[in-house]
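Me: Could you help me read this structure, one step at a time? I would like to begin with a metal site.

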There are 2 protein chains.
Amino acid sequence: NGKVWAKPHAQRSLWVKKITGCKNIHLSTNLLLGDYPADFVRSVSCQVCDHLLADPVQSSCKHLFCRLCILKYIRALGTHCPACRQPCIPSDLVTPAKAFMVILHSLVIRCPAQDCDEHVRLEDYGAHTLSHQEGQSNDNYLPVNKGG
Amino acid sequence: NGKVWAKPHAQRSLWVKKITGCKNIHLSTNLLLGDYPADFVRSVSCQVCDHLLADPVQSSCKHLFCRLCILKYIRALGTHCPACRQPCIPSDLVTPAKAFMVILHSLVIRCPAQDCDEHVRLEDYGAHTLSHQEGQSNDNYLPVNKGG
Ligand SMILES: [Zn+2]
Ligand SMILES: [Zn+2]
Ligand SMILES: [Zn+2]
Ligand SMILES: [Zn+2]
Ligand SMILES: [Zn+2]
Ligand SMILES: [Zn+2]
Ligand SMILES: [Zn+2]
Ligand SMILES: [Zn+2]
């Protein structure tokens, strides 16, 4: 139906967490180093989960989401953009412009791992977390997936 | 008074142009090279005039404006932020974080001068426009202000 669907912000964050389940895998915008302007922080955030964009995709209305977040959102709530409610189907989603990806990847965050606090570029964060796993003691060792 | 003041977007752009008078001195976001996401374009735009930020300043609510735009806005419409309506006085305005300024300055635009169309980094645009003045024919020559 064409009814406009809206919830207050506090409620929204509750049900979105249920849909995306990304609290423990995505990075909070609070980890960004540098006291960025509000609209800039928003521009590097997922319009579904509000975390820093992870594997971002762009809708035809030019809004950005983590790839998994928008797919889960569409499955749960329908084929519209969460930011502007224009039609949005998975096959419309594209990778954002390279010039934007360069900016996103160059952002520096404070590593949220306990006792780390290192400053890491977003593009290096995946490799950085591997270094944590290698440094773990044997009792909570998780084998690294080597692929294949 | 505490009344919330709001106008439809079309009307807003009309009266804002009257207040700022910046149509012929600021750069349109349409000149940006690279098909940037909508929220990113917004994050490098003035929240008063919608042009690309010129000499940006940041309010305590972390919104961004051209320095002249927000000063003219406050004088005409009162000491509140045009984006979120929180209190905003000229002495609260600060330069945005350096990390943001680096991103802003690195953006590339298509020079809007007739018969130019060169691609110019925003930080080089001032120097670039001087090169246009030097190249002008004598009948419309404007002496460059050497200062002093
Ligand atoms: Zn998330
Ligand atoms: Zn997300
Ligand atoms: Zn949208
Ligand atoms: Zn770390
Ligand atoms: Zn302007
Ligand atoms: Zn402005
Ligand atoms: Zn504000
Ligand atoms: Zn030019």
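Me: What geometry does the site of the zinc ion (ligand 4) have, going by the angles among its four donor atoms?
Reply: The site of the zinc ion (ligand 4) is tetrahedral, with angles of 102 to 116° among its four donor atoms; four donors count as tetrahedral if all angles lie between 85 and 135 degrees. Please keep in mind that this is a predicted model, where local features need pLDDT of at least 70, side-chain atom pairs count only at pLDDT 80 or more, and totals for chains, interfaces and linings use all residues. Residues are numbered from 1 along each chain as its sequence is written, chains are lettered from A and ligands numbered from 1 in the order in which they are written, and side-chain values use heavy atoms, with hydrogens and water left out.

Me: Which residues are the protein donors there?
Reply: They are A:C111 (SG), A:C116 (SG), A:H128 (NE2) and A:H132 (NE2), lying 2.0 to 2.2 Å from the zinc ion (ligand 4), where donors are N, O and S atoms within 2.8 Å of the metal (3.2 Å for Na, K and Ca), and sites may look incomplete because water is not among the atoms.

Me: Is A:C111 buried or exposed?
Reply: A:C111 is buried, with a relative accessible area of 1%, whereas A:H132 is partly exposed at 25%; buried means under 20% relative accessible area, exposed over 50%, and partly exposed in between (1.4 Å probe, protein chains only).

Me: New topic: what coordinates the zinc ion (ligand 2)?
Reply: A:C46 (SG), A:C49 (SG), A:C66 (SG) and A:C69 (SG) coordinate the zinc ion (ligand 2), at 2.3 to 2.4 Å.

Me: And which residue coordinates both that ion and the zinc ion (ligand 1)?
Reply: A:C49 coordinates both, and the two ions are 3.6 Å apart.

Conventions:
Tetrahedral: all angles 85-135°; square planar, octahedral: opposite > 155°, others 65-115°.
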